[in-house]
Amino acid sequence: MTDDRFDELMKDAAATYRRPIEPPLEEMWKEIESRSFQGEGKGVRPAGRQGLLSITWVRVAATLVLGVAIGRASVLFNQKSSEPASSVAVETQETQPAPRVETASMPAPYQDATNKYLDQTTALLIALPSEVRAGRSTRFVERAGELLTTTRMLLDSPAAQDQSMRALLEDLELVLAQVVRLQNDRSRAGLDFINQALRQRDVIPRLRTAVADISAN
Amino acid sequence: MTNTVVALQPKYRVTEPDLIARVVSGDRIAARDLYDAHAPRVYRLAFRLTGDAHLAREFTQDTFVRAFGQLARFRGDSALSTWLHRITVTVVANAMRKVKRFRERETDLEDVHPIGSEASGVDPVLRERLNRAISALPEIYRTTVIMHDLEGYTHTEIAEVLGVAEGTCKSRLSMARAQLRAALADLAPES
């Protein structure tokens with residue numbers, strides 16, 4: 001192949017290879033602002049999620065489906081009145097910072113295990129939508145099953161003594177259980193329920209906060 | 001520190017060091033200005049490196065959250081854009097390693113996003129082969145090719161972003177191109 005021909009191909013690749021789409025600047029900024037400027041009063045007001053508010057009933061229904069599916073809804077709603085477990089509560093607390101995780105009293109081995117678990121779960125949940133859309137979620141679903149087992153072990157361990165961590169683990173148990181269900185139901189609705197649950201419960205921001213808190217400790 | 005004037009709306013035209021100082025002091029409007037000036041290119045780079053809109057969005061967000069958290073430590077040895085792109089490449093590389101552990105085949109990444117369809121007279125089979133070959137390159141080569149050949153970064157910029165010597169950058173690009181040509185050899189023989 002001549003150099004000119006190769007250069008021509010590379011020019012074509014610049015136009016066609018993973019061609020970037022228009023960036024969702026506003027949506028990204030809302031997330032960045034809420035994560036970077038928590039609890040500070042100056043400047044731009046914290047961003048809300050208007051889209052969520054406009055379809056609250058859909059999200060409430062999705063939460064109920066999730067809860068009923070694994071038989072935990074009533075327990076969650078009763079136990080965590082002060083935590084962001086209730087979808088209605090979450091809708092009214094959109095701009096609140098994620099609760100801090102107190103890890104000082106957690107034994108070091110549990111901190112390490114919890115940190116690793118949270119890190120892996122974050123990676124899985126972030127990549128999941130792409131994997132499902134691409135029809136190759138098998139490995140992810142298997143891994144979600146393993147992480148679900150770890151979640152339940154952590155729930156029964158000193159790692160769950162902190163109320164914020166317990167609430168997070170319980171929400172992750174719900175979400176991971178739903179991911180495991182994708183093994184049998186790979187419909188778009190299944191993934192939508194997971195995404196709704198993640199957003200409603202602010203799972204990803206809480207995961208990141210928890211990882212940061214444990215790392216800082 | 002460089003005194004680059006950030007391309008903002010006229011009423012906000014300030015030098016980059018001023019803008020950074022305001023962000024560090026907690027000024028969200030300044031943070032938004034800084035974000036507006038740099039986010040499109042950061043997102044573009046993240047998209048090229050991941051091939052996925054969802055991941056590009058996540059990693060762009062992570063880049064700016066990390067950047068705002070560390071901005072007080074930015075010494076201005078390089079341009080802010082270079083510093084941001086360095087964070088982007090690091091964020092993407094670290095996260096993709098975790099993601100790939102769940103994946104059965106790394107080259108599946110290419111399947112995530114459809115190949116563009118701009119008419120350019122290039123044989124679609126050849127284009128597909130080249131795009132897959134780029135995806136299959138080792139990470140350090142792929143990043144260099146994407147930044148230089150696809151996104152138009154200079155060797156100096158890439159060297160700063162990746163923290164390597166300029167010569168290393170040129171060498172990697174040369175190796176990457178050789179691998180790509182080899183991958184196309186049977187479809188477009190040397191003549």
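Helices (H or I, at least four residues) and strands (E, at least two) are DSSP runs, numbered from the N terminus. The model is predicted: local features need pLDDT of at least 70, side-chain atom pairs count only at pLDDT 80 or more, and totals for chains, interfaces and linings use all residues. Residues are numbered from 1 along each chain as its sequence is written, while chains are lettered from A and ligands numbered from 1 in the order in which they are written.

Chain B contains eight helices and zero strands, and the order of its elements from the N terminus is α-α-α-α-α-α-α-α. Of its 191 residues, 42% are buried (20 or more other C-beta atoms within 10 Å of the residue's own, with C-beta atoms placed from the backbone). Contacts are pairs of residues whose C-beta atoms, placed from the backbone, lie within 7 Å. Among the contacts in chain B with a separation of 6 or more, 61% join residues 24 or more positions apart.

Ala72(B) lies in the loop between α3 (53-70) and α4 (80-102) of chain B. Ala72(B) is classed as exposed (12 or fewer such atoms) because 11 other C-beta atoms are within 10 Å.

Confidence in each residue is given by the predictor as pLDDT, from 0 to 100. Chain B has a mean pLDDT of 85, with 82% of its residues at 70 or more. In residues 105-117 of chain B the pLDDT is below 50, and this stretch has 28 contacts in the model beyond near neighbours in sequence. For the complex, the predictor gives an ipTM of 0.82 and a pTM of 0.65.

Notes:
Two residues are in contact if their C-beta atoms, placed from the backbone, lie within 7 Å.
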